[in-house]
Amino acid sequence: MSTRINLAQALHEAHSAADVIARLSGVKQHDIVLTLGSGWRESAASLGDVVAVLPAAEIPGFSGGWVPGHSGVIQSIRLESGAHALVIGARAHLYEGRGVQAVAHGMRTAAAAGARTAVLTNGAGGIDPTFSVGDAVLISDHLNLTAVSPLIGADFVDLTDLYSERLRSIARQVEPGLQQGIYVQLPGPHFETPAEIRALSILGGQLVGMSTALEAITARSLGMEVLGVSLVTNAAAGLSGPIDHLDVLAEGRAAESKLALTLKRLVDALPLPG
Ligand code: 8IG
């Protein structure tokens with residue numbers, strides 16, 4: 001997908017992708033979209049009945065995963081309530097170099113498929129020293145430090161309640177121990193320097209990663225209600241030892257079965273059409 005694209009083209013491509021998903025899965029409407037980041041991938045199967053597993057490369061505008069630990073599939077899952085979930089394991093990251101419109105495409109496709117709720121998960125570095133590796137933390141707000149917006153044209157969307165207070169409160173009813181934090185999205189792919197982490201901390205950042213904020217903005221602009229959850233897979237730079245992507249993946253895997261339970265409880269508690 002070109003980085004120079006107009007809104008009509010972007011929406012057209014999203015509708016094409018949604019049509020292909022509907023045809024290949026046999027599911028006409030998906031009510032909720034989930035994006036699964038590091039540590040969250042195993043969660044998909046426990047959410048409900050897997051109706052279809054679609055290689056992302058077969059869906060217009062998506063590309064197969066190429067980062068170790070990032071799966072390249074899109075799944076259609078029937079939840080216990082009867083609602084249908086679109087589960088995107090093939091998230092596009094800004095650092096892949098396909099541009100911010102490729103990042104926005106997943107949420108645009110989900111909206112075209114009928115989704116009114118987005119659950120965005122990720123693996124993140126913990127800046128707030130009260131967060132431990134292995135903790136799931138609700139995203140309460142974000143700092144978008146990518147210097148770009150996924151929106152095209154004069155789309156002056158209000159982000160005051162981007163990470164829905166209503167959905168966070170439901171989440172904390174089913175998982176009373178859940179902490180909350182402000183997520184910082186940076187473009188990556190490098191991790192931060194210790195000086196950058198100190199600066200982000202002064203700015204109020206509590207979690208840091210390379211995804212989610214741009215997707216949340218896209219989802220909100222399309223009228224979706226957004227819930228965000230991070231898995232703390234490492235202490236941010238300078239707070240503990242060096243950061244190794246393989247260690248990060250190992251922490252993600254170690255937390256996977258716990259996260260699957262957490263995510264299922266959250267999703268089952270969300271108000272969705274059944
Ligand atoms: I997992 O410490 C994961 N993703 N920028 N910094 C950034 N992204 C991350 C980190 C981190 N951990």
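Which residues have the most contacts inside the largest nonpolar core? Some notes on that, and on a helix pair, follow.

1. Bear in mind that this is a predicted model. The largest nonpolar core has 34 residues, and V33, I59, L207 and M224 are the ones with the most contacts inside it.

2. As for who builds this core, at least two residues each come from the helices α1, α3 and α6 (213-221). The top contributor is α6, which gives 4 residues.

3. Have a look at V33 while you're there. Leaving out residues up to four places away in sequence, V33 touches L86, I88, M107, A110, A115, T117, A118, V119 and M224.

4. There is also another core, lying apart from the largest one, with 28 residues. I77, L79, V119 and A255 are among them.

5. Now the helix pair. Helix α1 (residues 7-25) and helix α3 (residues 100-112) have axes that come within 8 Å and cross at roughly 60 degrees. That angle is why α1 counts as oblique to α3. The crossing is right-handed.

6. Which residues make the contact between α1 and α3? On the α1 side they are A10, L11, E13, A14, H15, A17, A18 and I21; α3 brings H105, R108, T109 and A112. Sorted by type, the residues of this contact come out as 7 nonpolar, 3 polar and 2 charged.

Notes. Residues numbered from 1 in each chain as written. Predicted model: local features only at pLDDT ≥ 70, side-chain atom pairs only at ≥ 80, totals over all residues. Heavy atoms only, no water. Axes fitted to C-alpha atoms, helices over the stretch in contact; angles between N-to-C directions. Parallel < 35°, antiparallel > 145°, perpendicular 65-115°, else oblique. Left-handed = near helix turned anticlockwise from the far one by under 90°. Contact = heavy atoms within 4.5 Å. Nonpolar A, V, L, I, M, F, W, Y, C, P; charged D, E, K, R; others polar. Core = buried A, V, L, I, M, F, W, Y, C linked by side-chain atoms within 4.5 Å. Buried < 20%, exposed > 50% of the residue type's maximum accessible area, 1.4 Å probe, protein only.
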